[in-house]
Amino acid sequence: MSKQTAHQKIALVTGANKGIGRAAAEQLAELGLTVLIGARDRRRGEETAAALRAAGGDAHAVVLDVTDPITVLTSDPDGPFAALLPSAAYNPSKSALSALTVQYANELRKDGFLVNAAAPGYVDTDSDNHTGHLTPAQGAAVLVRLATLDADGPTAGFFSEDGPLPW
Ligand SMILES: NC(=O)c1ccc[n+]([C@@H]2O[C@H](COP(=O)([O-])OP(=O)(O)OC[C@H]3O[C@@H](n4cnc5c(N)ncnc54)[C@H](OP(=O)(O)O)[C@@H]3O)[C@@H](O)[C@H]2O)c1
């Protein structure tokens, strides 16, 4: 194993087969990370991973439904994400998500994890019937920035692309 491979950064993106998640996956792959394409549907995940590989990235599909503990826990059982993935099984209100972010940030700080929440803006995707005014790539930018923070970066925060937001 080369030194470079030993230090390869890995990103797991849920909902990576379309919309903001896919745009984030594309940008992370362009930055040179290995990207795990989390998708509920195996075929859609494989197609997305293949498209990213065709563009020169290192991407691999994993079946992952965040409401299904079985797929969450088996998607990367030995990987660095295992401890964090169950958090995605909630379907929280914004206030619950805020509380969860701060709670996980405080619990995981000692292990070197940064936990932040992002507001992508109003993005043109299927989820809003394409009424958003930002492209998925623009919406994904803040996610990618937070996912690639240095170890001494902020934690327990809420950010848009323009900077910190009040909870
Ligand atoms: N668009 C906006 O303006 C906006 C603004 C603020 C926040 N957000 C948030 O950003 C996230 C992505 O939204 P989007 O606009 O990019 O929507 P989107 O284009 O509809 O994409 C949603 C993605 O999430 C996946 N997904 C849905 N339920 C899932 C589950 N149970 N487990 C795993 N994956 C699941 C979908 O997979 P399938 O293809 O299998 O359905 C799809 O890949 C959402 O959490 C949304 O609330 C969006």
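1. By class, the shell around the ligand is made up of nine polar, seven charged and six nonpolar residues. The model is a predicted one, and the points below should be read with that in mind.

2. The ligand has 22 residues around it, of which Gly15, Gly19, Ile20, Thr125 and Ser127 come nearest. Among the elements, helix α2, spanning residues 19-30, gives the most to this shell, with three residues.

3. Three strands form an open sheet, with mixed pairing and the order β4-β5-β6. Its edge strands are β4 and β6 (163-164), each of which pairs on one side only. Strands of a sheet pair through backbone hydrogen bonds, in either the parallel or the antiparallel sense. For β4 and β5 the sense is parallel, over two bridges. Ala117 has Phe158 in β5 as its bridge partner.

4. Two backbone angles deserve a look. Most residues other than glycine have a negative phi. His130, which is not a glycine, has a positive phi near 60°. His130 sits in the loop that runs between β4 (117-118) and α6 (136-147). His130 counts as exposed because it has 9 C-beta neighbours inside 10 Å, and the cut-off for exposed is 12 or fewer.

5. The second case is Ala156, also not a glycine, with a positive phi of about 65°. Ala156 belongs to the loop between α6 and β5 (158-160). Is Ala156 buried, partly exposed or exposed? With 18 other C-beta atoms within 10 Å, Ala156 is partly exposed, since a buried residue needs 20 or more.

Notes: Residues numbered from 1 in each chain as written. Predicted model: local features only at pLDDT ≥ 70, side-chain atom pairs only at ≥ 80, totals over all residues. Near = placed C-beta within 6 Å. Helix = DSSP H or I, 4+ residues; strand = E, 2+ residues; numbered from the N terminus. Nonpolar A, V, L, I, M, F, W, Y, C, P; charged D, E, K, R; others polar. Pairing = 2+ DSSP bridges.
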